[in-house]
Amino acid sequence: MANYLLTKSSFLRGVQCQKSLYLYKNFYTQRDPVSLFQQSIFNRGTNIGILARQLYPGGVDVTPASVFKYEESALLTQKLLGEGHEIIYEATFIFDEILVAVDLLVKAQGKCMALEVKSSASISDTYMMDAALQNYVIKGSGLELDDFLLVYVNREYIKHGELDLNKLFIKTSVKKIIEKKTAYIIEQVKVSKSTLKDKIIPEKNIGEHCYVPYPCDFIGTCWKNIPPDSIFDIGGINKKKQFELYNQGIMMIKDIPDTMNLSDSIKIQAEAINNNKVIIDMKAITDFIHSLHYPLYFLDFESFMPAVPIYDGTHPYEHIPFQYSLHYKSAPDGKLIHKEFLAEAGLDPRRTFAERLLKDTKEPGDILVYNKDFEKKIMNDLSQDFPEYRDELKQRISRIRDLAVPFAKKQYYAPSMKGSYSLKAVLPALIPDLKYDELTIKEGGMASNTFEALQTETDLFKIADTRDALLAYCKTDTLAMVRILELLESLL
Ligand code: SF4
């Protein structure tokens, strides 16, 4: 049985960084943990791949029982091809010590084509590289492909009734493009094989490549000597600029020379870190507080973005709002009232969401959100979907104020915010006793994934526990906003 040294994913890892490839093969357990969010992206890819099989139904699936049995899949693929099977799912090939599996291999009208399915809504250079490697291995195994197609999600498709897979997916022939990459593939394969056979960890300094095209999962290993308050903790500058400083030997924020033309935002961050103090622009904070009109609503939305639309009238990756939390105060020292909405899984939540939101925000008063773009987008989308509520939703949008502004503009900045003005960075700096640590759901991506998973959950106890966890998370977001504003008000 032919064995192999590289797979599609380890090859791509090597293209990004040879050290990453070596560590992956020799120090696998030192990888950074996979977050639930990343895992959900992997799962989404698998699910879309399986759905796309229905474009060519009736094929033979050679997916192995475990990742250690792909060699058997390769043998089975050859056997099926020899027997004249026309559609094979997860068709597997080994050549030049490389193993690849292609989502669909289809023979139709005397032509043979490979189809690789992607869950995203566009084609990237990495996908091309990925396809070029598959094409190289399949051809090397003795099968000449007439075409190679990348299949990806059509964001313009609007679901009406049954899913129309021929409209949900876009198929693009990339054979001509990927064949031009063959020489590069052969060279990269050679480099990667030599890395793995040399048994020496390749020398590679950290750099932009640690994040491009994907965040490397050995950042915990290679970056462990980067101290706190380094230039990588500066917000408002991109990685390229950070590495320019790093490559000039500037590691710490305090080492940035005064002669450098720094933005006001960076100067404030440097001043806060160098003096270990909170920087407050009292005039700006006072103006911000005075610009708000009580009664105040503190509002936060949660949404999820199914790659395959679930509800009629929606498109792939549309933000579907399913939950909000709303705190209300009639005056700075007024009683705090809480309202909330969480959709039932399985039903289109949008209309009920809009109706409840309009009811709960009917009385006058500014609506305070954190990072207004998201809440505004959701309300604008709802006003398109439900024209009968357009005027009222526009009226609510006109009342939106953004609590993130003083932090985004560094009018209030604490060293522990590490350059970020996200709610999760600002809250512990201002209100350390209010924490997300003990919550089951700790951030928005996790809330989205959790709600999406509820769509197919049947265990009633699990559904009840999950709903409680979602409600607790979203409520904490708006409570955090209440407490942050109270703290800013107390400064006056
Ligand atoms: S963290 Fe950076 S240098 Fe280290 S293995 Fe990953 S990509 Fe390479």
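## Ground rules

Helices (H or I, at least four residues) and strands (E, at least two) are DSSP runs, numbered from the N terminus. What you're looking at is a predicted model, in which local features need pLDDT of at least 70 and side-chain atom pairs count only at pLDDT 80 or more, while totals for chains, interfaces and linings use all residues. Residues are numbered from 1 along each chain as its sequence is written, and side-chain values use heavy atoms, with hydrogens and water left out.

## The whole chain

Let's start with the big picture. The protein chain has 19 helices and 14 strands, and its C-alpha trace spans about 80 × 60 × 40 Å along the principal axes. Of its 492 residues, 48% are buried (under 20% relative accessible area; exposed is over 50%, and partly exposed is in between, with a 1.4 Å probe and protein chains only).

Now for contacts, meaning heavy atoms within 4.5 Å. Take those in the protein chain with a separation of 6 or more: 70% of them come from residues 24 or more positions apart. As for the surface, the protein chain exposes about 24,400 Å², and carbon and sulfur atoms supply 53% of that (Shrake-Rupley method, 1.4 Å probe; for residues, only the protein chains shown count as cover).

## Around the ligand

Which residues are around the ligand? They are Cys 17, Ser 20, Asn 205, His 209, Cys 210, Cys 216, Phe 218, Ile 219 and Cys 222, each with a heavy atom within 4 Å of it. Sorted by class, this shell has six nonpolar residues, three polar ones and no charged ones. Here Ala, Val, Leu, Ile, Met, Phe, Trp, Tyr, Cys and Pro count as nonpolar, Asp, Glu, Lys and Arg as charged, and the others, Gly among them, as polar.

Tyr 22 belongs to helix 2, residues 18-26. Tyr 22 counts as buried because its relative accessible area is 6%. Setting aside neighbours within four places in sequence, Tyr 22 is in contact with Phe 27, Thr 195, Leu 196, Lys 199, Ile 200, Ile 201 and Pro 202. Ile 337, by comparison, is 315 residues from Tyr 22 in sequence and 56 Å from it in space, C-alpha to C-alpha.

Lys 118 sits in the loop between strand 5 (111-117) and helix 5 (125-140). Is Lys 118 buried or exposed? Its relative accessibility is 10%, so Lys 118 counts as buried. Again leaving out neighbours within four places, the contacts of Lys 118 include Lys 8, Asp 130 and Tyr 152.

## Backbone details

Cis peptide bonds come next. One joins Val 212 and Pro 213, with omega about 5 degrees, and Pro 213 is in the loop between helix 8 (182-198) and helix 9 (219-222). Another joins Tyr 294 and Pro 295, with omega about 0 degrees; Pro 295 lies in the loop between helix 12 (282-290) and strand 9 (296-304).

Then there's positive phi in residues other than glycine. Asn 371 has phi near 75 degrees and is found in the loop between strand 12 (366-369) and helix 14 (372-385). With a relative accessible area of 35%, Asn 371 is partly exposed. Lys 410 has phi near 60 degrees, and its place is the loop between helix 16 (405-408) and strand 14 (412-413). Lys 410 is buried, since its relative accessible area is 5%.
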